[in-house]
Amino acid sequence: MGKKVVFFLSTDKYPSPFDVLVIYDAGADAVVPCGGLELDDVRDLVLDAMFPRGPKGIVDTTIFIGGKDVDKCEKVLDIAKRAMFPPFEIAIAFDPAGACTTSAAMVAKVAKAVKEKLDKSLSDITVTILAGSGAVGSRAALLFAKDGARVVVGASRVEAAQKVAKEVNEKIGEERVRPAFVPRSISEDKGETYEACKDSDVVVSTAAPGVIKLPLEILKKLDKCRVVADVNAVPPLGIEGLKMDSDSEELIPGVYGIGPLSIGNVKLQAELKLIEKAINSKKGVFGHEEAYDLAKELVGV
Ligand SMILES: NC(=O)c1ccc[n+]([C@@H]2O[C@H](COP(=O)([O-])OP(=O)(O)OC[C@H]3O[C@@H](n4cnc5c(N)ncnc54)[C@H](OP(=O)(O)O)[C@@H]3O)[C@@H](O)[C@H]2O)c1
């Protein structure tokens, strides 16, 4: 058996140290960070990694695709897949901006809370995603909708929310996702945040770090809301009053909160397992769907 080598193709100038360390912890003997990647570089890099170890040795070579520019990473993945052909195929792990594993971990944790606290499944609920048109939010919308939830994607740029709703509805073949305007800053709110959340059993925030999206004052008025969750670990959290490490504890009477550290623990374990799978596989892409399966397995739902 050869050394397990992972080529980390990143659209960022400096490939994420977080991901580099997780790749080592997942079992790589060596990680080769290829940062500042342009789309024109991808095919040649992949071809160059395909041949030296021959059809048998290639099994010990893996690619990880990451970077903050998620759309660009999707294109990198597409070019990498198209560059390969049998028997020279390399397994690929895909988790740009941590969005696949973070959304997977959050939706799995919400599914567990909904089951344990409300005795329901995702197909019984409506969920509002505040700042839901970003990398994590849009992927969470897909997972919630795929599992049967009705989803409100709240965003300050309504066109972005409309785009997410259209794409997810097309993917699942049903109209389960709808857009809603939610102002970026709560100081500009004229009742839109309440309107977007008032019919939902679950409200999650996937906003940029340090931005309050749901003040306690509004949460207290949401009669239907029973579970809240937040992926942002930089204070203040998107859901006011939520504890970082809350693991379905009551935030206010009857409302259970899932904090970013609880989600982050599952995210990290899911990323480790996702990369481990890719490292130990001959070929295939290990991305969003696989991350969700792993996250559900990890939380036991
Ligand atoms: N817990 C974990 O393990 C983990 C892992 C990865 C990421 N995260 C966190 O997940 C969150 C979402 O990540 P992401 O990559 O999806 O973020 P993103 O795409 O950059 O932003 C998400 C949304 O936040 C809003 N936003 C952006 N810039 C803003 C600003 N300056 N002020 C107020 N709102 C702003 C936008 O929504 P609107 O257009 O609606 O305003 C945007 O669509 C971040 O807080 C990130 O730190 C957590």
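Me: From which domains does the lining of the second largest pocket draw at least three residues each?

Reply: In this predicted model, whose residues are numbered from 1 along each chain, local features need a pLDDT of at least 70, side-chain atom pairs count only at pLDDT 80 or more, and totals for linings use all residues. Side-chain values rest on heavy atoms, with hydrogens and water left out. The lining draws at least three residues from each of domain 1 (5–94) and domain 2 (99–263), with bounds from an automatic or database domain assignment.

Me: What makes E74 and K171 part of the lining of the second largest pocket, which holds about 710 Å³?

Reply: A pocket is an open set of points on a 1 Å grid over the protein atoms alone, where a 1.4 Å probe fits, with protein on both sides within 12 Å along at least five of seven lines, and lining residues have an atom within 4 Å of a point. The lining has 26 such residues, and E74, S138, R139, E167 and K171 are the closest to the centre. By class they divide into 11 nonpolar, five polar and 10 charged, and E74 and K171 count as charged because Glu and Lys belong to that class, together with Asp and Arg.

Me: Why does the largest pocket lie between domain 1 and domain 2?

Reply: Domain 1 (5–94) and domain 2 (99–263) both give residues to its lining, so the pocket lies between them. Its volume, the space filled by probe spheres set on the points, is about 1,100 Å³. Of its 40 lining residues, A97, V136, A207, P209 and V231 are the closest to the centre. The largest share, eight residues, comes from α10, a helix (a DSSP run of H or I of at least four residues).

Me: Which residues come nearest to the ligand?

Reply: T102, V136, S156, R184 and A207 come nearest among the 20 residues around the ligand, where a residue is near if one of its heavy atoms lies within 4 Å.

Technical notes:
Helices (H or I, at least four residues) and strands (E, at least two) are DSSP runs, numbered from the N terminus.
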